[in-house]
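Hi,

Here is the structure I promised to pass on.

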Amino acid sequence: MWLCATCALLGLLFFTVFDSSECLQTAVRPDKGSTVTVSTELSLDQCAVCTVSGVNDTQTSCHSSLALVPEEEVKLLLNCSQPLEQGYTVTIASIIECTKDACSPTTVQPQPSILTEFSRTFTWELKAPEKTVVGLDILGDGLMETAQPCSNGFQFSVTTSKTNTNGRTEYCQGGSVTRLDLLNAAVVSLQVKPQAKVDSVGFQASAGPLKGRTMVITVDSSTTVVLSRDEEPECEVCSVGGATPDCSPSEKTLTNVEKLSLEFGCLKPQDVYSVKTKKIIECTQISCTPAAGEVEPDPFKDFKRSLTWDITVPERTVLTLDFPGGLKEISAAETCEDSHQYSVSTTKSDGNTQTTRYCKSGTVASLDLLGATTVTVEVPKDGELGPFNVKAAPRGNRMMSVVPDPNTIITISRVTTEPDCSVCKNKGPKQECKPSVLTLKEPGDTTVEFTCPQPQDFFTVEINREIDCTEAACSGNIVQAESSLFPDFNRTFTWDLKVVATKAFQLDFPEPGMRQIPNEETCPDEHTYSLVTYLRKGPATIGTFCKGGTVTTVLARYKGRMSLQVPGDRKLDPIDFKLNVGPETSMVAIVKVNLPRGASETNFISANYPRDFPDEQQMQWDFTVPGMHNYTMHITDHTAPECLNNEVEVVYQKEGKKGTKVSLTDPQPQHQQGNFNMVLKNCETNQTLEGLSLNYRVSVMRSGHPVLCAVDLTKHTGVSLQIEKVGSDPYCEMSINSKVEKKITVAAGTKASLSFLDCPNEDVRLTASTVIECQNVTSCPTTLLTVPKLESCLPMPLHSFTWHLSAPQDRTVELESPTGSLRQSLPGQECDKSISLHVAEGDGFPVGDFCAQGMIQKVQVQGNVSVTATGRDFSKTGGQFLNVSYSQDIPESIIYRVSPKELSPTLLATPNWPLGMKPMSTVAWIVTVPSGYEAHVHFVNISQPKCKDRHTSIKVRMLEAEEEMMSRREDEQAEDKLTVPQSFYLNMSNCIPEEGEFAALTKIVLQKKSNLLAILLGIAGAILLLLLVLGLYCFITKKKKQDKMNIESSIYMGKGNMFRPSDRHFTKTRSDNESHVYDSIDESRVYGHLLGDVSYVDSMQDHYNGVQTDSYKTFTGPTDAQLPVIKEPDHEPEMDQFNSFLDPSQSFLPPRPRTPISRQDSIGFEDRRMVDNELYTFKSTGDITTFRLSAVDMDSQPPIILEDSL
């Protein structure tokens, strides 16, 4: 054997044509009976198989394939541009010749040393007489059947012949197969890898007569068994029972045989034959024989089987098939994974066959069938047949109760030619049956009976309602479909609509409208609506519609029909449309359309499309186009008629403008804006030719121009922008640097190009933020928070600006208002919506909302802080909001410095009010109380948690005192009110809550201090002095009365009778008012002070004339007769004493001025100018004040208490 280096010279001598990369020269001598073939699939200029001969090997002969003669040595030269093991194929073929009882050679082994550099394929073809089996006993390791490549490089395969590769079986070493039984023409092959040693591989061959498989079967008279063989391999089946076997090479049919012996002329007939079994099941109306579809026992279990049962039933009989394991229905294109498939075919009376396919293990446990049925089961090899039960029963009737609405007509129609199923109404002797159509018009409860169990397969239902608006008002009527009627039938709901001949009926569809489709199509949800109008020349279909589209209203003239088609297997989910009486119109129909926002294309068709549009009629479409959108009309399909009179034209018109007339072939409107209507007008056509039809499309696109803005944040240190959509408008489009985003962030120190398309300002929110860092407290100056001026090209106002204040470790951020003070937004002291400052800790936990002009002088927060300014009308230039400074660490989380005002209460709230404080946090208020004032502290609202760890606390301590005025935990009853006389310190701390939250609201009211001891002593002295004065007054008054009661006086009358004070004839008349009773009269003191004032007396003389009952006057009445006795009813006992009355004219005093005649003349009148003494004289000349003196009118008042009673 020479390798490449050795044969290089030979390559120069004989193979100058090659530019070889590898070559091999070797001597080969095939064994006896072996044919060695070396071949290549490459061309000769790439690879060649050459023989070398002659003197000094100078003669060569090259080929693409070379067969070597057995037992002759030959020198081969293999030269190839590819690797040798990939460029060549080596096959060593041998033949095993067998007689009926022996084979040659007996021991079969591959030639071990031949061309080991290559992959080799050893083949052994068997030659044996007919009905002879060749046995190959495996030498060495046994074999195992496999479908994968062998890992050790030894791949065995067996085929029944050279030409039949479908029956190839692959084997690997290491299994339990030690013998192969094969027939004539079988081929055994072994493929090995390069350098593989094949010394231990081989077979021991033997031959003997073929003994095929034999079985004994019994087939009854109702069963037919057919064994069918494929074309390959050769095999026959024989029935042994007579003098000579009855053999068949391809197919054998068996029926009505008992214990018949079958012999197969092949070793594995189950791989060659398939079995078809057909059985007959006969049924009466009550039972079937046999009652189950099964094959027991099944001698062909290891064969591929097809079992068919033909089931016959009489008329009006229901056949029931029960499948214990359940079936799953599949489509005709599907297959069962386990190859176990059922087919159920039912032949109806019209000869049509309905076939349904199933797989095992499903939910279909029973099938109710009508008519003759065939059940076919395909069973794979070694598959278990699942039996099914067969039952028969008289065909059942289906009965239902139907209650149609008034003005509703139900029509039940049969759509198949099934002869033995009728529909009936009513029961008993009044039952009326129809073979094809039944109409129900009665509004009451009606019984409907079908003479078949599944009438929904044969009948459809039309539910029609007539709505006549010529006599009754129909405006706003809701039209609904009756979902309770015939739910599993194919249904058509129709509404016949009628209005006055000159008007139109109007159908308004709910959101989101209707979508027009071609008249022959069906809606995806299988709820298909159609509208027909009835013209003088016949009905015209306005259109077919589905739910969800742009059509909102349809008006049609005079009379029409709206219909809804729903299949039986679909749950009814209709729309409820409104019916109104529309205006007068000359149009066949008016379709109102709301075109959607954004880019869209919507198709519309003329009435009757694709058939002819009615002659000399018009149809109108009213389009509502959204703002900032353009529309374009496209004629997609149309047919033009031959006009006998007038012309076909399309008129486009906008509100308030003149219409534009175009033909169907003219350019249609493009890139227009605004609402418009389109009218299609037909001419008088030649009806023998094609008529008018139109299909067009309305394209809508957005016409708005984007708002562009270039943002440069390099001018604002640390400022970043955030823009996000907050509205629901789906057509608002924002982009940054030409990339569309739902939320835009412009980072600090960058530039960006922003674009806003169709974005209303209220739908977009602009916020900005900046970071202010402090590295060292001593070097950080006080910072004033201001808002930088942003780009004016931004279309939306600034909603809020946030400052993120970063403090050094363990340091405090101090916030102060540049205007003097802050106010926290709390109930009763809310901030207005102009500017609000939201303060939060570094982790986002809220502190509160603040604004200017309040009682808070400073807010100190431990750690980082964020401040967000929000304004209702936020200016882009901004103002001055807070002064920020930094200080040393504080013991609390937050400290407020508060200076309450005198005129209004001050509210203090814990952070995050009304929600709870952060766990384990503290807050303090340093409250400054002015001199001369004290603070009344009221804990208005406190919510306490259940603490898991530690406790909450509320403490109050005066600033100059060490002792606390109040200290309470969450488990203690806290005082809700407290008075603090000077500036104080209020501290609250939270625990770690287990449940609930800690929050508190405190009210502080300032009041001036008062000297309580001096006030009390003053009050006591005043009371004591008053008691002394009253005692002295009472003593003097009582003594004076006692002295005067001892003197009794009377007056002498010159004429008439005389009476004494003790005389009881003069009856008291004013029991409830003792104003006229006098103990004594000091006349000089009563009127003496008036005598010197002449002007007063003169002025009062004319005004006051007449007798005054409350005056003391000298009597001037008649003296000749007896004095009359005045008797008045008295409700009280008379007094024990009597007082005299004198006529003022007879007294030495001037007469009392007369009171004018008015309500003052009443006895119930008293002049308040009289002082409260014994004489009730006038005190001054002031205004008269009245109160009643009448005893009758004053019954309900308490009696007057006289001085005696004191």
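F459 is buried, at 1% relative accessibility (buried means under 20% relative accessible area, exposed over 50%, partly exposed in between, with a 1.4 Å probe and protein chains only). F450 is buried too, at 0%. The ring centres of F450 and F459 are 5.2 Å apart with the planes at 55°, so this pair counts as tilted. For the ring terms: rings of Phe, Tyr and Trp (its six-membered ring) pair if their centres lie within 6.5 Å, and planes under 30 degrees apart are stacked, over 60 edge-to-face, the rest tilted.

Before you go further: this is a predicted model, so local features need pLDDT of at least 70 and side-chain atom pairs count only at pLDDT 80 or more, while totals for chains, interfaces and linings use all residues. Residues are numbered from 1 along each chain as its sequence is written, and side-chain values use heavy atoms, with hydrogens and water left out.

Back to the rings. There are 26 aromatic pairs in the structure. One of them is F323 with Y342, edge-to-face at 5.7 Å centre to centre and 80° between the planes. F323 sits in strand β26 (residues 317-330) and Y342 in strand β27 (residues 341-347), so the pair ties together parts 19 residues apart in sequence. (Strands are DSSP runs of E, at least two residues, numbered from the N terminus.) F323 is buried at 3% relative accessibility, and Y342 is buried with a relative accessible area of 3%.

Elsewhere, ring pairs join F604, W621, F623, Y631, Y652, F676 and Y696 into a cluster. F623 also turns up in the largest nonpolar core, which has 77 residues; along with I412, F486 and W495, it touches the most other members. A second, separate core has 76 residues, C759, A807, V859 and I954 among them. (A nonpolar core is a set of buried Ala, Val, Leu, Ile, Met, Phe, Trp, Tyr and Cys residues joined through side-chain atoms within 4.5 Å.)

R957 lies over the face of Y985, 5.3 Å from the ring centre (the criterion is NZ of Lys or CZ of Arg within 6 Å of the ring centre and within 35 degrees of the ring normal).

Last, a sheet. Four strands form an open, antiparallel one in the order β9-β17-β11-β15, with β9 (107-108) and β15 (179-182) as the edge strands. Two bridges join β9 to β17 (residues 202-209), and T107 has Q204 as its bridge partner in β17. Strands pair here if DSSP finds at least two bridges between them.

Cheers
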